[in-house]
Amino acid sequence: MATEHPIELEGVVKTFGDVHALDGVTLSVPAGSVFGFLGPNGSGKTTTLRLLTGLARPTSGRVSVLGRRPFPAPPALLSRIGYLPDVPRFYEWMTAAEFLRFSGRLFGLERSVLEERIRALLELAGLAGVTSKIGGYSRGMKQRLGVAQALVNAPDLLLLDEPTSALDPLGRKEILDMIAGLRGRATVFFSTHILADVERTCDTVAILDRGRVAAQAPIDELRRRTGRHRVLVGVDDPARLAAAVEGRAWSTEVELAGPFVRLTVGDLAAAQRELPAVVAELGLALTRLEADELSLEEVFVDLVRGGR
Amino acid sequence: MSGFAAFARKEFAEIARTWRIWVLPGVLVFAALSAPALTALLPTLVERLGETPGFSIEIGEVTALDAYGEYLGNLRELVALAVLIAYGGLISGELRGGPAVLVLTKPLSRPAYVLAKLAAQALLLIVATAAATALCIAVTAALFEVGPVADVIAAVGLWLAYALWLLCLALALSAFLPAPAAASAAGVGVYVLLAVLSQFGFARPTLARLPTLAGEALAGGAVDVAWPLLTALATAAALVGLAVARFGRREI
């Protein structure tokens, strides 16, 4: 069953006693996208994933996954989902191949298909030829096996909770490349606090803060929405320029960065108009004038701080 | 029941490859070996005690029936308590920092999860009890004589029905109580309560009477087991139903 939005949450509230883990979350994830789900620790990311996988039920609101209600999770729905929890735990007496075989059997995969898939996934996870029991694995190895088991059924929807948190740079790159490679073939919903991973991999993001969605948009649109821009100016005396632009209406932040002045501006057009004039007035030599975008990290901090 | 066969297969592999293969079968083998051995040694032990001045005990000749009686006593106390302690975390054990999250987000229905665990452990209990009983009969035959084997089998069969009921009790408790130790303690509480109730007349036609009936069967007496077995079956089904219902709606 093709669904335009494999994940839809509408006014979802989840409480634990007096604590509102989720406080009216509304979210819609387009099919085939790689969707980044960002938020500081304790913002409700893992709780959201527990609702999506049918491990928990919402206190109120509507949760729809691939067009169905996930709690209690019907096996037909789970057969189309791959899930990696934040800290995956395995049967430690099994080997990686045995765990993948067990997982594949739960999905009812045919033996020849399963064996072929196990071989490919062990290769992807860097665990081919590892015959020791999972109990002896490092955290990174377990994380990579966690990603592999989430892919064993070739899912339509892949839910990943902090998939790169325990990986070294090389392992991280491989997993992010693999996630990016799924674009268009599966929908990937990917929770993380590593902004660089989202910038590198995702097309759309939602930022969760204290149980609420602070923003949801394609990354570029989100950057534009903050209404702030970055301008990098190179002059022969950056300190004088920095003092001169401090306090101007269009300038919100002035920072010295070696031979450059890094400005954060609210009105890019005004800055581009006035800056050369200021440089000329001071009699400085202009070596560089460059408009740049805010990083996702700055957008994230803006949105999260703005809500407090 | 989606995923039952795959999950049951995992449960059997887990029994074979972890501590589970040693604990309950180990206790049963200990019960089977120690009963005839201690019974055979009893006259010597008593004789030694008799050498103490002012201390005198006289016992009759010990027989195969005494050895089987000792074995049944071990089953009723030692092994029954081992069942309750070993299975206090049957459901909750995998939920507390275990792999249940990975397993239950795959197409394994929750009833299948509960019933596969029950089936695997019940089979282990049945096979281990049969093997231990065969071992006990062999050792008893070597030390005494074969004795009333048919009565032994009838008695152990009744005890096994009771032990399977205790397994269902442990399953239900472990679905309701998140801490395995709490579930085991509650199970032991129910076990003691049933032992007390079995002394009263009104409890005669109930499952509480099964361990006592096992003793009577071993003695060769005619025992009416219909109502105790029926009540055991009905309450076991209710316990399993409660475990499935509770686990089916539980947040993980």
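User: What share of the contacts in chain B with a separation of 6 or more is made by residues 24 or more positions apart?

Analyst: In this predicted model, such residues account for 80% of those contacts in chain B. A pair counts as a contact when the C-beta atoms lie within 7 Å.

User: How much of chain B is buried?

Analyst: Of the 252 residues in chain B, 43% are buried. That word requires 20 or more other C-beta atoms within 10 Å of the residue's own.

User: What makes a set of residues a nonpolar core, and which residues have the most contacts inside the largest one?

Analyst: The members must be buried nonpolar residues of the listed types, joined through C-beta atoms within 7 Å. The largest such core has 147 residues, and Val83(B), Ala170(B) and Leu171(B) have the most contacts inside it. Helix 7 of chain B, residues 149-176, gives the most to this core, with 18 residues. Chain A takes part as well: domain 1 (7-218) and domain 2 (226-306) of chain A each give at least three residues to this core.

User: Which residues is Leu171(B) in contact with, leaving aside its neighbours within four places in sequence?

Analyst: Leu171(B) is in contact with Tyr87(B), Leu90(B), Ile91(B), Leu118(B), Leu239(B), Val240(B) and Ala243(B). There is also a second, separate core of 12 residues, including Val235(A), Val245(A), Val265(A) and Val279(A).

User: What does each chain put into the contact between chain A and chain B?

Analyst: Chain A gives 22 residues and chain B gives 23 residues. On the side of chain A, helix 2 (75-78), strand 5 (81-84) and helix 3 (96-106) each give two or more. Helix 3 of chain A gives the most, with 4 residues. By residue type, the side of chain A divides into 15 nonpolar, 4 polar and 3 charged.

User: How do you know that the length of helix 4 of chain A agrees with its number of residues?

Analyst: Helix 4 of chain A has 14 residues, 111-124, which at 1.5 Å a residue should span 20 Å. The end C-alpha atoms are 20 Å apart, so the two values agree.

User: Why are the buried residues of helix 4 of chain A said to lie on one side?

Analyst: The buried residues are Arg117(A), Ile118(A), Leu121(A) and Leu122(A). They cover an arc of only 130° around the axis, which puts them on the same side of helix 4 of chain A. These buried residues pack against helix 3 and helix 5 (139-150) of chain A. The face turned away from them carries Ser112(A), Val113(A), Glu116(A) and Glu123(A), which are exposed. Just after helix 4 of chain A, Gly126(A) takes a positive phi of about 70°.

User: How far apart are the C-alpha centres of domain 1 and domain 2 of chain A, and what does each domain give to the contact between them?

Analyst: The centres lie 40 Å apart. Domain 1 of chain A gives 9 residues and domain 2 of chain A gives 5 residues. On the side of domain 1, helix 7 (195-201), strand 8 (204-209) and strand 9 (212-218) of chain A each supply at least two residues. Helix 7 of chain A has the largest share, 3 residues. The residues on that side of domain 1 of chain A divide into 7 nonpolar, no polar and 2 charged.

Key. Residues numbered from 1 in each chain as written. Chains lettered and ligands numbered in written order. Predicted model: local features only at pLDDT ≥ 70, side-chain atom pairs only at ≥ 80, totals over all residues. Contact = placed C-beta atoms within 7 Å. Nonpolar A, V, L, I, M, F, W, Y, C, P; charged D, E, K, R; others polar. Expected span 1.5 Å × (residues − 1). Arc of directions from axis to C-beta. Domains from an automatic or database assignment.
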